[in-house]
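Please examine the structure shown here and consider on what grounds its features receive their labels.

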Amino acid sequence: MTWRASVLTLFPEMFPGPIGQSLAGRALEAGRWSLDTVQIRDFATDRHRTVDDTPFGGGAGMVLRPDIVDAASASVADDRPRVFLTPRGRPFVQADAMRLSAGPGVVLLCGRYEGVDQRVIDAGGWEEISIGDYVLSGGELAALVLLDACVRLLPGVMGAAESAEEESFSAGLLEYPHYTRPADWQGRLVPEVLLSGHHGAVAAWRRAEAERITRERRPDLWAAYQRNHGSVASRAAAP
Ligand code: 6GU
C-alpha cells in the first residue's frame, strides 16, 4: 500500500510546492507516496462559499466553521491519523515523523484565519501539532515540513548513507561537522584526525564534536541525552 497524504486546505495550490522538487518530489513521481488536496471551500453551502464566522465571545479575526471542516474531512475519511497543524499543538519531533511514516499515511488539516472551531478538532480525534515556537500565517508551510520529514523516512526514499545519519540524530545528538576537499581552504585547515585514516580516532572525534555542539547549542537535548546515554566520557565533557 502506498503511503497517502491528504491535505485539507484553503490553498491547495501550495502543494506539493517546494517538496515537489528534490527527494520527496522524486519519490512522489516514483509512486512511493501519494498526495491529494481537498479544497475546504468546496464544502461551503452558501452562494458566497463562506467557510468562516466571527468568534463567540468576541475578539478579532474569524474562525473556520465546524460543519464545513467536518464535511471536508468526511470526504477523505479512513483509518489514517489526523493531524491539525496549529501553533497550539505539541511540538513536532523526529519520533513523530518516524511514527507517522510507519503508518498508512496522514490526513492534514491546515488552519487559516484565527483558528478552527475546537469542537470539530475534538470530535474528529485530530492530533494537534506545531512545528516550532513562532507563528506562521497558516498551517500549509507546517504541513509541508511535516510531509518532508515523513516522506524521507519511507522505504526506498533515502539512500543507505542518509539512513545511518538518521539513526545518529535519533540517538539524540546534533551532527558533527563535515569537511571535504580542499584540505586547506583560504588557510583554514581540515581537522588533522580526519586525514589520518584511523577510523577509530575519526569516530571518537566525531562523537566528541557531536556531544560538544549539542551541549553548547541545545542544553535541552544534551540533558535528555545524558539521562539516556550517561557515560564517563559525557560526564567528563560536561561544563
Ligand atoms: Cl502548525 N501553524 C501555524 N500557523 N503556525 C505555526 C505552526 C503551525 N507551527 C509553528 N508555527
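The questions and answers below concern a predicted model.

Q: What makes Glu 140 count as buried?
A: The relative accessibility of Glu 140 is 0%. Buried means under 20% relative accessible area, so Glu 140 counts as buried. Glu 140 belongs to helix α5.

Q: With which residues is Glu 140 in contact, leaving aside its neighbours within four places in sequence?
A: The contacts of Glu 140, with neighbours within four places in sequence left aside, are Thr 9, Leu 10, Phe 11, Met 14, Phe 15, Cys 110, Gly 111 and Arg 112. Contact here means heavy atoms within 4.5 Å.

Q: Why is Glu 13 called exposed?
A: Glu 13 has a relative accessible area of 60%. The label exposed applies over 50%, and Glu 13 is therefore exposed. Its place is the loop between β1 (3–9) and α1 (22–29). Between Glu 13 and Thr 37 there are 8.8 Å in space, C-alpha to C-alpha, although they are 24 residues apart in sequence.

Q: Why is Ser 22 called partly exposed?
A: The relative accessible area of Ser 22 is 46%. Buried means under 20% and exposed over 50%, with partly exposed in between, so Ser 22 is partly exposed. Ser 22 lies in helix α1. Its phi is positive, near 60 degrees, in a residue other than glycine.

Q: How do you know that the buried residues of α1 are on the same side of α1?
A: The buried residues of α1 are Ala 24, Gly 25 and Ala 27. They cover an arc of only 160 degrees around the axis, which puts them on the same side of α1. These buried residues pack against β2 (33–39) and α5. The exposed residues Arg 26 and Glu 29 are carried by the face of α1 turned away from the buried side. After α1 comes Gly 31, with a positive phi near 80 degrees.

Q: How do you know that the buried residues of α3 lie on the same side of α3?
A: In helix α3 (residues 94–101), the buried residues are Gln 94, Asp 96, Ala 97, Leu 100 and Ser 101. They span an arc of only 160 degrees around the axis, which puts them on the same side of α3.

Q: What makes α3 roughly perpendicular to α5?
A: The axes of α3 and helix α5 (residues 140–151) cross at roughly 70 degrees and come within 8 Å. That makes α3 roughly perpendicular to α5, because angles of 65 to 115 degrees count as roughly perpendicular. The crossing in which α3 passes α5 is right-handed.

Q: Which residues make the contact of α3 and α5, and how do they divide by class?
A: From α3 the contact residues are Ala 97, Leu 100 and Ser 101, and from α5 they are Leu 146, Ala 149 and Cys 150. By class, this contact has 5 nonpolar, 1 polar and no charged residues.

Q: Which value of omega accompanies the cis peptide bond that joins Phe 15 and Pro 16?
A: For the cis peptide bond joining Phe 15 and Pro 16, omega is about -5 degrees. Pro 16 is in the loop between β1 and α1. A cis peptide bond also runs from Arg 181 to Pro 182, with omega near 0 degrees. Pro 182 is placed in the loop between α6 (160–170) and β9 (184–185).

Q: What makes Gln 186 exposed?
A: Gln 186 has a relative accessible area of 65%. The cut-off for exposed is over 50%, so Gln 186 is exposed. Gln 186 lies in the loop between β9 and β10 (188–189). Gln 186 is a residue other than glycine with a positive phi, near 50 degrees.

Q: Why is Ser 75 called partly exposed?
A: A relative accessible area of 40% is found for Ser 75. Partly exposed covers the values between buried, under 20%, and exposed, over 50%, so Ser 75 is partly exposed. Ser 75 sits in the loop between α2 (66–74) and β5 (82–91). Leaving aside neighbours within four places in sequence, Ser 75 is in contact with Val 38 and Phe 43. Ser 75 and Gly 31 are 22 Å apart in space, C-alpha to C-alpha, and 44 residues apart in sequence.

Note on methods:
Residues are numbered from 1 along each chain as its sequence is written. This is a predicted model: local features need pLDDT of at least 70, side-chain atom pairs count only at pLDDT 80 or more; totals for chains, interfaces and linings use all residues. Side-chain values use heavy atoms; hydrogens and water are left out. Buried means under 20% relative accessible area, exposed over 50%, partly exposed in between (1.4 Å probe, protein chains only). Helices (H or I, at least four residues) and strands (E, at least two) are DSSP runs, numbered from the N terminus. The arc is that of the directions from the helix axis to the C-beta atoms. Axes are lines fitted to C-alpha atoms, for helices over the stretch in contact, and angles run from 0 to 180 degrees between N-to-C directions. Angles under 35 degrees count as roughly parallel, over 145 as roughly antiparallel, 65 to 115 as roughly perpendicular and the rest as oblique. A crossing is left-handed if the near helix is turned anticlockwise from the far one by less than a right angle, and right-handed if clockwise. Ala, Val, Leu, Ile, Met, Phe, Trp, Tyr, Cys and Pro count as nonpolar, Asp, Glu, Lys and Arg as charged, and the others, Gly among them, as polar.
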